[in-house]
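Please open the model in your viewer and keep the selection panel handy.

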Amino acid sequence: MTKRVFAMLLAVLMLCLCVACSDKGNDGATDDPVINIGPETLTYTDSQGDTFTYEYLSSTTVAITDFVGSDEPHVVTIPASIDGRNVTEIASAAFRAKSNISEIKSDAALVKIGDYAFAYCEALTTVTLPASVKTIGKCAFYASAHLTTVVMPEGLENINEAAFYGCTSLTGVTFPASLKTIGYAAFLDCKALTSIVLPEGITSVGAQAFYDCTAVEALSLPASLTEIGDYAFNPIVRDLPDEAITVVEGSVAATHIAQFR
């Protein structure tokens, strides 16, 4: 009798389990939170009709991941916040190859401009970065050939490799006192750049960082600069007259330049 009761109970239990496993809605969803989690596209459209795709970074921050705007080149303003969260990052390739952006402005608390974020933006001419930006990522503005003006904020610390490589219309850059590093080929082939004045406090400039910047008329390098990559300032240091070059006697920069004079 005991075995028969146990078998009946086991059969009822198995039946209940089968019903539970097959009890789904028409869309196949279950109450299992893992099964129900899936990719979600989040978008925000501003007052001028520009749409930003974004993702959550934390409970208080988001990153812009993509952009769709009107066809004509126009000023794009990065929103300061979305869905009650601060916009702190432009993700990798978020605005890559967008031909409808003439200027980037932002009052957002951006900390990072991601890799290739504004690469190949053929109509982009002006960029004003907010004071919160600490890092400009690899190839962030690569080959944006009509970019003429970049306002770099005090607080910026790192310009990564090839960030402005091929920005052939970039005429002048004011480097903030907070800057610590400039990466490999960061300004390579910026043929319209007319001066390079690096701030006291910068410690490292990567190889070929300013290679082939043939329009430079003045070069100033501080004593704090202790790491200079190969051909970082060529052919500038070969072609400029002595009076156009400012370095501290006995510094690493002075030694570096002397080998090409």
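Here is the tour, one selection at a time.

This is a predicted model, in which local features need pLDDT of at least 70, side-chain atom pairs count only at pLDDT 80 or more, and totals for chains, interfaces and linings use all residues. Residues are numbered from 1 along each chain as its sequence is written, and side-chain values use heavy atoms, without hydrogens and water.

**Whole chain.** Of its 261 residues, 43% are buried, meaning under 20% relative accessible area with a 1.4 Å probe, protein chains only.

**The cavity.** Next, select Ile 78, Ile 90, Ile 104, Ser 106, Leu 110, Ile 113, Phe 118, Val 127, Thr 128, Leu 129 and Pro 130, which line the largest cavity. Strand S7 (101-106) and strand S9 (126-128) are the elements that each give two or more residues to this lining. A cavity is a set of points on a 1 Å grid over the protein atoms alone where a 1.4 Å probe fits but cannot get out; lining residues have an atom within 4 Å of a point. Its volume, the space filled by probe spheres set on points joined across faces, edges and corners, is about 50 Å³.

**The histidine.** Finally, pick His 256 in helix H4 (residues 252-258). Is His 256 buried or exposed? His 256 is buried, because its relative accessible area is 8%.

How values were computed:
On a 1 Å grid over the protein atoms alone, a cavity is a set of points where a 1.4 Å probe fits but cannot get out, and a pocket is an open set with protein on both sides within 12 Å along at least five of seven lines; lining residues have an atom within 4 Å of a point. Helices (H or I, at least four residues) and strands (E, at least two) are DSSP runs, numbered from the N terminus. Buried means under 20% relative accessible area, exposed over 50%, partly exposed in between (1.4 Å probe, protein chains only).
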